[in-house]
Amino acid sequence: MTAILCNLQAVKLAVERAARAVGRGGDEVRLLAVSKTFAPEAVRGAYHAGQLAFGENYLQEALGKIEALRDLPLEWHFIGPIQSNKTRPIAEHFAWVHSVDRLKIAERLSAQRPAGLPPLNVCLEVNVSGEASKSGVAPAELLPLARAVAALPRIRLRGLMAIPAPAADEDAQRAPFAQLRHLLQNLQRQGLQVDTLSMGMSHDFPAAIMEGATIVRVGTAIFGSRNRGETK
Ligand SMILES: *Cc1c(COP(=O)(O)O)cnc(C)c1O
């Protein structure tokens, strides 16, 4: 068995176990394999192990990989920071974007989404307490942004994403994930049709699943450490 197949099976088992621990089904959680810095051959290996959805952070790297793998029916998710002058290739080549935190970016993605493709699935990145990266909309500004993004014609607002700072133990990991779940529930109470919580990475996805994650974004636990096997 290849390392990637082995790792994928172990991650899926851990997803199942975390879901069961809180009375959820493992099939309520989608696994997004984060392939940033890994070569197309690694993605191909994961595809042959049954994985279809892949996450990328760096646009140029992602576009090369998408081109190299266009013979496979893969679903690409953009999860990295977005510069406003780089929205067009994102709108053209991805099925999902998890990292929208400004209306201007969403407006450009909507305007640039090709007519022949289904609406672009979008999650709003929220800066929950203790977030490691400085990006993300402040919780207090989320509702007006969500309303404006949901009204855009070529975008389908799906939910929320966050990258909390690393925490010492599972209880501490769960707190910001619970906060993101409460924010999603609030949007639902306001009448927005949102269903997605994109939260949890290699070191904390079980905690995220216990708090309701519907997509976990896992890189290292599938492909190995990023200081080996890098393409850039
Ligand atoms: C790199 C990255 C991941 C995956 O991180 P791992 O720790 O390797 O699982 C998930 N989400 C985002 C936004 C990332 O940048």
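A word on the ground rules. This is a predicted model, where local features need pLDDT of at least 70 and side-chain atom pairs count only at pLDDT 80 or more, while totals for chains, interfaces and linings use all residues. Residues are numbered from 1 along each chain as its sequence is written, and side-chain values use heavy atoms, with hydrogens and water left out.

Let's start with the salt bridges. A salt bridge here is a side-chain nitrogen of Lys or Arg within 4 Å of a carboxyl oxygen of Asp or Glu, and a search of the whole structure turns up 11 of them. One of these joins aspartate 71 to arginine 44, with the closest N and O atoms 3.0 Å apart. The two partners come from distant parts of the chain, 27 residues apart: arginine 44 sits in helix H2 (residues 40-48), and aspartate 71 in the loop between helix H3 (59-68) and strand E3 (75-78). Those element names come from DSSP runs, numbered from the N terminus: helices are H or I runs of at least four residues, strands are E runs of at least two.

How open to the outside are these residues? We call a residue buried under 20% relative accessible area, exposed over 50%, and partly exposed in between (1.4 Å probe, protein chains only). Aspartate 71 counts as exposed because its relative accessibility is 52%, and arginine 44, at 26%, counts as partly exposed.

Now look along helix H3. Glutamate 61 and lysine 65 both lie in this helix, 4 residues apart, which is about one turn. Their side chains meet in a salt bridge, with 2.6 Å from N to O. Glutamate 61 has 13% relative accessibility, so it counts as buried, and lysine 65, at 3%, is buried too. Glu56 joins in as well: Glu56, Glu61 and Lys65 are linked in a network of salt bridges.

Another salt bridge pairs aspartate 195 with arginine 158, their closest N and O atoms being 3.1 Å apart. Aspartate 195 lies in the loop between helix H7 (170-189) and strand E7 (196-198) and arginine 158 in strand E6 (residues 155-161), so this pair ties together parts that are 37 residues apart in sequence. Aspartate 195 is partly exposed at 39%, whereas arginine 158 is buried at 14%.

Next, the largest pocket, with a volume of about 320 Å³. Of the 15 residues lining this pocket, the closest to its centre are Ile66, Trp76, Glu92, His93 and Phe94. (On a 1 Å grid over the protein atoms alone, a pocket is an open set of points where a 1.4 Å probe fits, with protein on both sides within 12 Å along at least five of seven lines; lining residues have an atom within 4 Å of a point.) Helix H3 shows up again here, giving the most to the lining with 3 residues.

Finally, find the ligand. Among the residues that surround the ligand are Val34, Ile79, Met201 and Thr220. A polar side-chain atom of asparagine 57 lies 2.7 Å from a ligand oxygen. Arginine 217 has a side-chain N or O atom 2.9 Å from a ligand nitrogen. Glycine 219 takes part through its backbone, where an N or O atom lies 2.8 Å from an oxygen of the ligand.

Conventions:
Grid points are joined across faces, edges and corners, and a volume is the space filled by probe spheres set on the points. A residue is near a molecule or strand if one of its heavy atoms lies within 4 Å of it. A polar contact is a pair of N or O atoms within 3.5 Å; within protein, one must be able to donate a hydrogen and the other to accept it, and residues adjacent in sequence count only if both atoms are side-chain atoms.
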